[in-house]
Amino acid sequence: MPVTILFSSKLHSSDYQSQSKLHAGGESFLANLNTALAAQLESFDNSDERIRFLHALVCLGVEYETDAQQFGYEKYCMPEEFLIYPKADCEDRTFFLNYLYRQVLKVPTIGLVYPGHMAMAVAMENPPANAAIIRYKEKEYVFCDPTYIGAAVGDIPQQYQGVTPEIVE
């Protein structure tokens, strides 16, 4: 007998910490992502190239729009929801890219919460020379903002340079 799960359009997460640890969709969603991305990811020589590819995919693959514009209220989307809506804001892009990095590439990440904005940082084997580095728990992470269109992994918008974010594991 099939099971139907209904998601409320007004489902709200209690906080960034809870949302960043969500592994929505389970193995079937992850398996489908791996299948869809496998050929592209295998064409790259190393994990840093795969990190840059997925960053560009999320930046350019979905148009940016705030939740207020799209839904009329703040809505944190699970990874599956990110793929069904035509647009996404900074939190949703960050949650989805975080999911790809952690679940598909198996690389460590941290969330970065700024006033009115969310980005992330990712562990890279060979960070770009001029990359913005976030040090956390004796590990270096490279700044990564999936809403900073046209920027490379490691580029940080001027308004966040020198600002200490809240770090979300």
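Strand 5 runs antiparallel to strand 6, and four bridges join the two. With a relative accessibility of 87%, E138 counts as exposed.

**Overall fold and confidence**

The secondary structure comes to six helices and seven strands, arranged along the sequence in the pattern α-α-α-β-α-α-β-α-β-β-β-β-β. Of the 169 residues in the protein, 48% are buried. Among the contacts between residues at least 6 apart in sequence, 60% join residues that are at least 24 apart.

The mean pLDDT of the protein is 84, and 84% of its residues reach 70 or more. Over residues 1–24, however, pLDDT stays under 50, and for this stretch the model has 40 contacts beyond four places in sequence. Where pLDDT is low, the predicted coordinates should not be read in detail.

**The nonpolar cores**

The largest nonpolar core has 27 residues, and those with the most contacts inside it are L54, L100 and Y101. At least two residues of this core are supplied by each of helix 2 (26–42), helix 3 (47–61), helix 6 (90–105), strand 4 (117–122) and strand 6 (139–144). Helix 6 provides the largest share, seven residues. Apart from this core lies another, of 13 residues, which includes I110, A119, A132 and I156.

When residues up to four places away in sequence are not counted, L100 touches L33, L37, L54, V58 and L105. Helix 3 itself has 15 residues and reaches 20 Å from its first C-alpha to its last, close to the 21 Å expected at 1.5 Å a residue. At the start of helix 3, a side-chain oxygen of N46 comes to within 3.0 Å of the backbone nitrogen of D48.

**Individual residues in loops and strands**

| Residue | Relative accessible area | Class |
|---|---|---|
| K75 | 0% | buried |
| K106 | 58% | exposed |
| G111 | 10% | buried |
| E138 | 87% | exposed |

K75 is found in the loop between helix 4 (67–70) and helix 5 (79–84). Its relative accessible area is 0%, and K75 is therefore classed as buried. The side chain of K75 is joined to that of E81 by a polar contact of 2.9 Å. K75 and A88, which are 13 residues apart in sequence, are 9.9 Å apart in space from C-alpha to C-alpha.

K106 lies in another loop, the one between helix 6 and strand 3 (109–114). Its phi is positive, about 60 degrees, although K106 is not a glycine. The relative accessibility of K106 is 58%, so this residue counts as exposed.

G111 has its place in strand 3, and because its relative accessibility is 10%, it counts as buried. Leaving aside residues up to four places away in sequence, G111 touches M118, A119, M120, E166, I167 and V168. One of these, A119, is also among the residues of the core of 13 residues. G111 and V122 are 11 residues apart in sequence, and their C-alpha atoms are 8.9 Å apart in space.

Notes
Residues numbered from 1 in each chain as written. Predicted model: local features only at pLDDT ≥ 70, side-chain atom pairs only at ≥ 80, totals over all residues. Heavy atoms only, no water. Core = buried A, V, L, I, M, F, W, Y, C linked by side-chain atoms within 4.5 Å. Buried < 20%, exposed > 50% of the residue type's maximum accessible area, 1.4 Å probe, protein only. Contact = heavy atoms within 4.5 Å. pLDDT = per-residue confidence, 0-100. Expected span 1.5 Å × (residues − 1). Polar contact = N/O pair within 3.5 Å; in protein donor to acceptor, adjacent residues only side chain to side chain. Pairing = 2+ DSSP bridges.
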